[in-house]
Amino acid sequence: MHSIKIILIAFLLSSPTVLKAQNSAGIGIASEIGLPSGNFSGLSGIGLGASVKADLPVAENFAITLNAGFMNFFGKRNPLFNVQDLTYIPAKAGLKYQLGESFYAEGQLGAALPLNKQQKTLFVWSPGIGNEFKLSGGNKIDLGIRYEGWTGKNDIISINKSNTKGFVGIRFAYVFGF
């Protein structure tokens, strides 16, 4: 844990010299939809949320991404049982690669912090693609799609025997350019 702090401090101190890319930094505010897949679809029909993501360019076509948000998956209800809503704060960091002028691929890793009782923090992994549509003044509209997996063990014995909650995420963002 101590070495992670040292690496993070070194990155933050060197970031003014590292951030020399031709593309510009941006911060996006987004609405998100999560469509559960696999075993997770038995617990939830849909997830809704919001997020803030920063793109910090480090090379001509590469950027470091930092993403934090709020995601609520609505629990399914039927005559036999009710599944509680699952509410998390996902925090992720990753790399974004511009495949073309506006098309990109990215991968992120992080943690989903629970807001429900009896839930644990989950490991997050997320590959995705997207397209940015340029607006006037350096701002953009960003439409992205990804698969996201939340992996970890919960305290609650439930119908979901899998340790991964997987979903297809759709993100619609307004990006403020700098």
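Mentor: In this predicted model, the largest nonpolar core has 12 residues in all: Phe 40, Leu 43, Met 71, Phe 73, Val 83, Leu 86, Tyr 88, Ala 112, Leu 122, Val 124, Trp 150 and Phe 167. Strand 3, strand 4 and strand 6 (122-134) each supply at least two residues of this core.

Take Ala 112 as one member of the core. Leaving aside residues up to four places away in sequence, Ala 112 touches Tyr 88, Leu 122, Val 124 and Trp 150, among others. Its contacts also include Ile 89, Pro 90, Lys 120 and Thr 121.

Now the strands. There are 8 strands that close into a barrel, in the order 1-2-3-4-5-6-7-8, with antiparallel pairing. On average, neighbouring strands of this sheet are turned by 25° against each other, direction ignored. Strands of a sheet pair through backbone hydrogen bonds. Strand 1 (residues 26-37) and strand 8 (residues 164-177) run antiparallel and are joined by 12 bridges. Across that pairing, Ser 31 stands opposite Phe 172 in strand 8.

Strand 3, one of the strands that supply the core, covers residues 62-75. A hairpin of 4 residues leads from strand 2 to strand 3, and strand 2 (residues 44-57) pairs with strand 3 in the antiparallel sense over 12 bridges. Strand 3 is also joined to strand 4 (residues 86-98) by 10 bridges, again antiparallel.

Asn 67 counts as buried because its relative accessibility is 6%, and buried means under 20%. Not counting residues up to four places away in sequence, Asn 67 touches Ser 51, Val 52, Lys 53, Pro 90, Ala 91, Lys 92, Gln 108 and Arg 171. In a regular strand the side chains alternate between the two faces of the sheet.

Last, a word on confidence. The chain averages a pLDDT of 85, and 82% of the residues score at least 70. Over residues 7-22, however, pLDDT stays under 50. The model has 12 contacts beyond four places in sequence for that stretch. Where pLDDT is low, the predicted coordinates should not be read in detail.

Methods: Residues numbered from 1 in each chain as written. Predicted model: local features only at pLDDT ≥ 70, side-chain atom pairs only at ≥ 80, totals over all residues. Heavy atoms only, no water. Pairing = 2+ DSSP bridges. Axes fitted to C-alpha atoms, helices over the stretch in contact; angles between N-to-C directions. Buried < 20%, exposed > 50% of the residue type's maximum accessible area, 1.4 Å probe, protein only. Contact = heavy atoms within 4.5 Å. Core = buried A, V, L, I, M, F, W, Y, C linked by side-chain atoms within 4.5 Å. pLDDT = per-residue confidence, 0-100.
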